[in-house]
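Dear colleague,

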Amino acid sequence: MSIDVTTTQNGETRWVVADRIRFLGGLAGSNLELVEVEVPPGSGTPPHSHASPELFYVIDGEITIRHFATDRPPTTVAAGAGTSVRIERNAPHNYMNESGKPARMLVIVEPSMTAFFREIGTAEPQAHPDFARIGAAMQRHGIQTLEMVP
């Protein structure tokens, strides 16, 4: 039997566009991994869906999470520190930091998502992201962007 310890000094970190993702590890015998996401003001994801369910837990700041349904306006949650939000698999959603202050959250995902983050992540923040490369990786990892009608 062993234990694994991840600290700020030894944890793997990647930048996915402007968000800093720190890989904290997974649970042996499960299909779950934990990441910490630092989201600067104005950053977030486009509306999308994927097979991996997600569980967000906001540690600091506020994250706006939206669920997009086909027959009604999006459901919007302003998730402050101490709030958890569960996203079911294939649920169309996004998150944004609209608060004007940095935010930080823990996210439980399946390894398919951490593989995606590792593939598109870089050692430094991406001032000019390669959206063609990110889009190709999204296709490989089964992540679909939503067509938003104004």
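The charged end of Arg 118 lies over the ring of Phe 23, at 4.0 Å from its centre (a charge sits over a ring if NZ of Lys or CZ of Arg is within 6 Å of the ring centre and within 35 degrees of the ring normal). Please keep in mind that this is a predicted model, in which local features need pLDDT of at least 70 and side-chain atom pairs count only at pLDDT 80 or more, while totals for chains, interfaces and linings use all residues. Residues are numbered from 1 along each chain as its sequence is written, and side-chain values use heavy atoms, with hydrogens and water left out.

The structure also holds two aromatic pairs (rings of Phe, Tyr and Trp, for Trp its six-membered ring, pair if their centres lie within 6.5 Å; planes under 30 degrees apart count as stacked, over 60 as edge-to-face and the rest as tilted). The rings of Phe 56 and Tyr 95 are edge-to-face, because their planes stand at 65 degrees, with the centres 6.0 Å apart. Phe 56 is buried, with a relative accessible area of 1%, and Tyr 95 counts as buried at 10% (buried means under 20% relative accessible area, exposed over 50%, partly exposed in between, with a 1.4 Å probe and protein chains only). The rings of Phe 116 and Phe 117 have their centres 6.0 Å apart and their planes at 55 degrees, so that pair is tilted; both Phe 116 and Phe 117 are buried.

With kind regards
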